[in-house]
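Student: I would like to learn how to read the features of a model such as this one, step by step. Could we go through it together, taking the general idea before each case?

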Amino acid sequence: MPLSFETNMRLKFPFMAISLQLSMIILFGFFVGYENDGNYVQQINATNQSEKSLELYPLFQDVHVMIFTGFGFLMTFLKKYGFSSVGINLMIAALGLQWGTFMQGILHHHKKFGIDIKSMINADFSTATVLISFGAVLGKTSPVQMLIMVILEISVFAANEYLVVEILEATDIGASMVIHAFGAYFGLAVAGVLYRPGLRRRRHDNEQSVYYSDLFAMIGTLFLWMFWPSFNSAIADAGDHQYRAIVNTYFSLAACVLFAFAFSSLVEHRGKLDMVHIQNATLAGGVAVGTCADMEIQPFGAMLIGSIAGIVSVLGFKFLTPVFATKLRIHDTCGVHNLHGLPGVIGGIASIVAVALGATNKTTMANQAAALGTSLGTAIVGGLLTGLILKIPIWGEPPDQNCYDDSVYWEVPEVEGYSHYFHEHDDHSQLQPEA
Amino acid sequence: MPLSFETNMRLKFPFMAISLQLSMIILFGFFVGYENDGNYVQQINATNQSEKSLELYPLFQDVHVMIFTGFGFLMTFLKKYGFSSVGINLMIAALGLQWGTFMQGILHHHKKFGIDIKSMINADFSTATVLISFGAVLGKTSPVQMLIMVILEISVFAANEYLVVEILEATDIGASMVIHAFGAYFGLAVAGVLYRPGLRRRRHDNEQSVYYSDLFAMIGTLFLWMFWPSFNSAIADAGDHQYRAIVNTYFSLAACVLFAFAFSSLVEHRGKLDMVHIQNATLAGGVAVGTCADMEIQPFGAMLIGSIAGIVSVLGFKFLTPVFATKLRIHDTCGVHNLHGLPGVIGGIASIVAVALGATNKTTMANQAAALGTSLGTAIVGGLLTGLILKIPIWGEPPDQNCYDDSVYWEVPEVEGYSHYFHEHDDHSQLQPEA
Amino acid sequence: MPLSFETNMRLKFPFMAISLQLSMIILFGFFVGYENDGNYVQQINATNQSEKSLELYPLFQDVHVMIFTGFGFLMTFLKKYGFSSVGINLMIAALGLQWGTFMQGILHHHKKFGIDIKSMINADFSTATVLISFGAVLGKTSPVQMLIMVILEISVFAANEYLVVEILEATDIGASMVIHAFGAYFGLAVAGVLYRPGLRRRRHDNEQSVYYSDLFAMIGTLFLWMFWPSFNSAIADAGDHQYRAIVNTYFSLAACVLFAFAFSSLVEHRGKLDMVHIQNATLAGGVAVGTCADMEIQPFGAMLIGSIAGIVSVLGFKFLTPVFATKLRIHDTCGVHNLHGLPGVIGGIASIVAVALGATNKTTMANQAAALGTSLGTAIVGGLLTGLILKIPIWGEPPDQNCYDDSVYWEVPEVEGYSHYFHEHDDHSQLQPEA
């Protein structure tokens, strides 16, 4: 069996995880302290509301739930990949929030800096990009590859975010462009480089949901859906801006749900609803309203954006994803292009229209267009380069027949509790090569 | 096969969902803006605490979790109806919060109005009535029927709420009467009109839980239980009233749990506990203490109310629900009468006693009794009329043999992941008529 | 069959539950009111921030979620014991929070006292000790025994907490010692007294997870992990102390995750990850940083503590737990020694080091060492005495062959939904003795 399918992680995975964590501790020892310690500059100029008060803390916790429970459970829809979805999601986010804290702090301060609630929110945000990309390559990569992707993607993200906010002075309060579109296209670029012709011929046996895995995924969907107003408002200016971000996101998501249900029924066999659409497309309204969330777009404007996002997302799942897999040789496991990619682009375009209509005077159409362009550009270039590094056949990626299967990297419960459920007449083709 | 069992939703469901959502966007365009925009009157006179601060936002988010995760997962106890429970719950609430925002805003302002956190809480509240009624008819109705019920029930709810609060000047801070009793009796009235003799003879094969579906339901139970203090205090006056609503609900629920466990064991075979009681009756204390939640009833008074509610709820599940199904020809799928109906009435009665004992001077015994009476009356009349409309045989309701089965309206995973779980020797009697 | 295996709970369980709940109502009637009622002393001197504001309420709700959803679902990993895990967890916590409110209030005030958010947080905290001990005896005890343990353990806990805080004047803001180490060693002492040689020979058939029960357990893990910063900061002094408790816990947990993953892979067969470690050891960083959470240990110091805790916890699960079961005759079902015991002790020791390094001047090394010693001592003595009481063979504990099986105390769904899942060729050895 080829070297690339040596999936035994005993040496390389612990070595890499420990090395990275020790590096974080050392970096934090030199560069990171508490806000207002005297020795440190503040992470972000505290608005009145957040100075040592807990006002932003509930919003941080909502975002925290989205990152760990939302993203984690959303990806448990695969019948045999729940451990990895929720477990590796936790690992990615735990490393990512440390690296994101460091990268964003250093870029904005160039020296020692202090932590406050807002920097914790930004740290959580930075992990979202990797979790979105994780969705594109879910089931086809190893935990070692994901550790590498965390470091590379968050570095590129932090640079692009700095560029968009500090240099281009664009606005993207809910991060439609710098997180959602960025994470999706970065992940698609990685998935393209890592494309496996062997998975192309037919849908992989494991790449399916079962009844209860679809219910677990709904836990993720709902916590993302419910807390999205917090995501889009968490770092908004206190007062009217933050209020509008909450209200607009609330109504955009509501409108998106109705259109996602309607179009799911329209495009499916006999008008039935498809769980993939309900799990994902209902969230597109949260993504798409992100950039404009704190602008005076009015509730009905938010609902229009959400409606369009819901429609585009369902149509993307139905018609684009298959084309991507076959024609473009990009296999997008979770369909992040439809949940984060297209709605993120819609969010950027919506902000250009909103500026044109006078919904804000904090930015210009050109700034917004430039922000969208650089976000897509850095995502694709960064993703391609990252994909090339991940393609080096030493990171323990799974062989084709073991894709989407926890048992490659996890101890899984024995037959009567596991295989029994899924493969009563298991042909044992899923056994690991070494066995 | 009769017209009424044409369950193909391709045309009518998308058409209705899209029409309703477009109507919402148009209504919001004309009538709804942001609070304090200058162009709009305020939704509710802001207390000092809520003026553009985020103090109420965490309470809103707790209520939001109750509506979407709490109600949604509570109903996943049926073995084959989890997609509908959590999915249609999302659809109902997404439409309901828009319609509730509009109806309540127009009734209270008669003109353009603005959105703030409190109006979002009230919008979420209004959806709760429909979700309670949904529980009574769960498994026996189509998504199209539920869209209709959202519009009709929230209209009646908003009218009754206006009557109770503005005209009768009664108090019902935790909405025992105007939400819980109202939603339950409305749903029972609908269920009565839609009664299916064919489901009467014996318990439907699908109307059962399996082991893991009962665990999913506990997700719903716990999030409802934990956040109920937020539900009962979210729109209370800031300060002492809000504090009391939190404290009273906390202790009422705790006492309710012990009595629900004790009585479940008392009435069941060999003293065993019944998951139906644990999932539902443990919550009755939150319902029953609602109307009195912000009154000075003292913690032990709250515990008494919770205790009574827990007992009544278990006894209701054990003895009343079967009688309702057989004698009254009202089949209450989730037993909402025991969780919301009876405890809601207890809540109203408790408030009359509390007024008599001097726990509040904000209302009178007559006002409270009138509020209880009108809530029950409008619920039953509204439910009967709604039931008649839903009975028109064009809304795609499922035939008897396909009740409580997601596969009528949803794409469900294939045999090895679905039927395999539930019906190893499936007699295929569950297949859709068209198949 | 022997008296001790009479598991019919019809008489004793309801009788005890009702008696205890009525006692609580009576005690509350005499001793408990609202804060600032005039008639009552305040529970705790309110800091400016918490006086009738809701600032602490979101932290309370986070802790509340940890207690009910976090602990409840964390224990659902056993394939046949999910109802008990999440259900009896609810019952324990509901009784415990009432008894904890009373015990802590009386100890600190010696007379009538009032409830505020902080006392609700402390009440929830007190239940955590019992829930930790519950983990040690999970599957081997009856609900009646758990009711008794609630009353006894919280009494001892409240006495020890009073001793540590008021007499020794030690600091333990995140309760590494007074809750985590205390709860673990109390539970281990109970488990030692209740040791069953019959369960020793081989791993019990039921003492295993299945695929989906491990996913349910991850719901518990994640909600504990995400909200741990709230647990460690909820009763900290407002301002810098509370901020530091949040920041330190956030980073300690993140570092802990990486080391837990790395060491899980290091010690397992072929470098695979073990769900037991991911579910539990990833949380050890929250426990261990507890005592020092509000001290100026710097983020990298918190990360060091979390790293050590993650390593020790995984090694404990792998090497210590089997030794405990065979050599010490202490069978620790959930491995609470590795999640709460050892990390709790690490937390106490870390605080001694932190004092030595000047990270705080609120306590001394001697005070901290004394607090650790008394916490361990009272836990072990209290646990041994409680174990002796629970060993009296009248509390309906399950016979060996029915351990870890919900069907002893719960109505469980019929064959096709339950046994079918787990035991296609069930040998019926699991049937209850009476059957």
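This is a predicted model: local features need pLDDT of at least 70, side-chain atom pairs count only at pLDDT 80 or more; totals for chains, interfaces and linings use all residues.

Student: How many residues does the contact take from chain B and from chain A?

Tutor: Chain B contributes 77 residues and chain A contributes 67 residues. The size of an interface is often given as the accessible area lost when the parts come together. Here chain B and chain A bury about 6200 Å² between them, with 70% of that area on carbon and sulfur atoms. On the side of chain B, the trio B:Tyr34, B:Leu54 and B:Glu411 supplies 13% of the area buried against chain A, more than any other three residues.

Student: What rotation superposes chain C on chain B?

Tutor: A rotation of 120°, with 0.0 Å of shift along its axis, superposes chain C on chain B with an RMSD of 0.0 Å. The two copies are therefore related as by a three-fold rotation axis. The copies use different surfaces, in that 14% of the contact residues of chain C recur in chain B. Among the residues of chain C, C:Pro58 comes closest to the rotation axis, with its C-alpha at 3.7 Å.

Student: Turning to aromatic rings, how many aromatic pairs are there over all chains?

Tutor: Pairs are judged by the distance between ring centres, and planes under 30 degrees apart count as stacked, over 60 as edge-to-face. The count comes to 63 aromatic pairs over all chains. The rings of B:Tyr211 and C:Phe83 have centres 4.6 Å apart and planes at 25°, so this pair is stacked. This pair crosses between chains, joining helix 7 (residues 211-233) of chain B, which holds B:Tyr211, to helix 3 (residues 82-109) of chain C, which holds C:Phe83. B:Tyr211 is buried at a relative accessible area of 1%, and C:Phe83 is buried at 0%. By contrast, C:Tyr250 and C:Phe251 have ring centres 5.0 Å apart and planes at 70°, so they are edge-to-face.

Student: How should I read a helix, and is helix 3 of chain C mostly covered or mostly uncovered?

Tutor: An α-helix has 3.6 residues a turn, so residues three or four places apart point the same way. Helix 3 of chain C is mostly covered, since 25 of its 28 residues are buried. At 1.5 Å a residue this helix of chain C should span 40 Å, and its end C-alpha atoms lie 39 Å apart, which agrees. Just after helix 3 of chain C, C:His110 takes a positive phi of about 60°.

Student: Finally, which side chains meet C:Arg196 in a salt bridge, and how far apart in sequence are the parts tied together?

Tutor: C:Arg196 meets C:Asp400 in a salt bridge, at 2.7 Å from N to O. C:Asp400 lies in the loop between helix 13 (365-391) and helix 14 (419-422) of chain C, and C:Arg196 in the loop between helix 6 (176-193) and helix 7 (211-233) of chain C, so the pair ties together parts that are 204 residues apart in sequence. C:Asp400 is partly exposed at 23% relative accessibility, whereas C:Arg196 is buried at 9%. In chain A, a network of salt bridges links A:Arg196, A:Glu397 and A:Asp400.

Terms used: Residues are numbered from 1 along each chain as its sequence is written. Chains are lettered from A and ligands numbered from 1 in the order in which they are written. Side-chain values use heavy atoms; hydrogens and water are left out. Copies are superposed by least squares on the C-alpha atoms of residues with pLDDT of at least 70 in both. Contact means heavy atoms within 4.5 Å. Rings of Phe, Tyr and Trp (its six-membered ring) pair if their centres lie within 6.5 Å; planes under 30 degrees apart count as stacked, over 60 as edge-to-face and the rest as tilted. Helices (H or I, at least four residues) and strands (E, at least two) are DSSP runs, numbered from the N terminus. Buried means under 20% relative accessible area, exposed over 50%, partly exposed in between (1.4 Å probe, protein chains only). Buried area is the accessible area (1.4 Å probe) that two parts lose on being put together, summed over both. The expected span of a helix is 1.5 Å times one less than its number of residues. A salt bridge is a side-chain nitrogen of Lys or Arg within 4 Å of a carboxyl oxygen of Asp or Glu.
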